[in-house]
Amino acid sequence: MSNYAKGVIAGIVSAMGFGFIPVFSKPMLADGMATECVLFYRFFLSAIMMAIYLMATHRRIAVGWRYAPSMFVEAIFYSFSGGLLMFGYNYMTGGVTTVIHFTYPVFVMAISLIFFRERIKGASVLSIVIALAGIYCLSVLGGDASFVPGANKVIGVIIVVLSGLACGCYIVGVNRTRAHELPSLVFTFWLLLISSMFFFGISAYNGTLEFITTPKQCFCFIGLTLIATILSNITLVFSARYVGSTLAAILGAVEPTTAVLMCILLFGETLNAWIVTGIVLVFTAVIIVVKRSR
């Protein structure tokens, strides 16, 4: 098998792994575990596993203090992105939440246009319009099928859209700060560790920190750590190395597709014509952005 084929497979595996985030998160949230507690365990356990992987592959974990400001700022955006995404599961269905979050490449482009004065092209405007149309289909025209029963729809949409915006800010920051000088997996380790401390503080302050006590919680955290975080990040780096960042980003469309299908199969979430239309529009907008960036 060629390296290109291995890269494609790795990209698909990575996106599918990320798509399992709602699969392993929603059961714990449904059992009453606080969002910030789930996020603390996800990031902390992932940081430990990432450290083990880095040491096993003889990679240096320590970094210079000159990288601290960049990592701290990036950890804030990363924490907001992951936190708002998971918090959004309390308002919108897992599949729809993940699809709206997937608009982050559009936010990356919009931020670059507004704050870094990149040249505006017709494709840029078109992708933004299509993405907004997709969000409208998912959040308004999709009706009750897009939301958790009894949830505030406006707040839910705002939270999930902000998760995509935070992710966009994080990605722009990676490319605009010293963070891009670090090896990807080493940077990811520190990002996970700093983010886990952030949510530990919130959970301790709110009094929501609790121990993992049940087999169900153990299973979910193992899946959230190994599949949705460690495996996904490692295979993403591998994929980008052999097929390039553009194709790796396109393969990322498998993430929301996986989330939608798994949430339908496991949680009984439903689809209607407007939700399907919204998914297609979001995918179209993202592909336009990725093609534009080539």
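1. How many of the 10 residues of helix α2 (residues 21–30) are buried? Nine of them are, so the helix is largely enclosed by the rest of the structure. Buried here means under 20% relative accessible area, exposed means over 50%, and partly exposed lies in between (1.4 Å probe, protein chains only). The buried residues of α2 are Ile21, Pro22, Val23, Phe24, Ser25, Lys26, Pro27, Met28 and Leu29. Helix α2 is followed by Gly32, which has a positive phi, near 100°. Helices are DSSP runs (H or I, at least four residues), numbered from the N terminus.

2. On the basis of the note: this is a predicted model, in which local features need pLDDT of at least 70 and side-chain atom pairs count only at pLDDT 80 or more, while totals for chains, interfaces and linings use all residues. Residues are numbered from 1 along each chain as its sequence is written, and side-chain values use heavy atoms, with hydrogens and water left out.

3. Two salt bridges are counted, a salt bridge being a side-chain nitrogen of Lys or Arg within 4 Å of a carboxyl oxygen of Asp or Glu. One of them joins the side chains of Asp31 and Lys216 (3.0 Å, N to O). Asp31 lies in the loop between α2 and α3 and Lys216 in helix α10, so the pair ties together parts that are 185 residues apart in sequence. Lys216 is partly exposed, at 40% relative accessibility.

4. The side chains of Asp144 and Lys153 also meet in a salt bridge (2.7 Å, N to O). Asp144 is exposed, at 61% relative accessibility, whereas Lys153 is partly exposed, with a relative accessible area of 37%.

5. The structure holds one cavity of 30 Å³ or more. On a 1 Å grid over the protein atoms alone, a cavity is a set of points where a 1.4 Å probe fits but cannot get out; a pocket is an open set with protein on both sides within 12 Å along at least five of seven lines; and lining residues have an atom within 4 Å of a point. The largest cavity has a volume of about 60 Å³, a volume being the space filled by probe spheres set on the points, which are joined across faces, edges and corners. Helices α5 (94–101), α11 (254–267) and α12 (273–292) each supply at least two lining residues, and α11 has the largest share, with three. Among the residues of the lining are Thr93, Cys263, Glu269 and Ile279.

6. The second largest pocket contains about 190 Å³ of space. Its lining includes Thr35, Glu36, Phe80, Phe87, Phe198 and Phe199. Two or more residues of this lining come from each of α3 (35–56), α4 (68–88) and α9 (184–206), and α4 gives the most, with five residues.

7. A nonpolar surface patch of about 960 Å² is made by Met1, Ile9, Val13, Ile48, Met49, Ile52, Met55, Ile222, Leu226, Ile227 and Leu231. The elements that give two or more residues to this patch are α1 (3–19), α3 and α10 (215–251). Patches consist of residues with over 30% relative accessible area and no salt bridge, with like charges joined within 9 Å and nonpolar side chains (Val, Leu, Ile, Met, Phe, Trp, Tyr) within 5 Å. Ile52 is found in helix α3 and is partly exposed, with a relative accessible area of 46%.

How values were computed. Areas by Shrake-Rupley, 256 points an atom, 1.4 Å probe, with all protein chains shown as cover.
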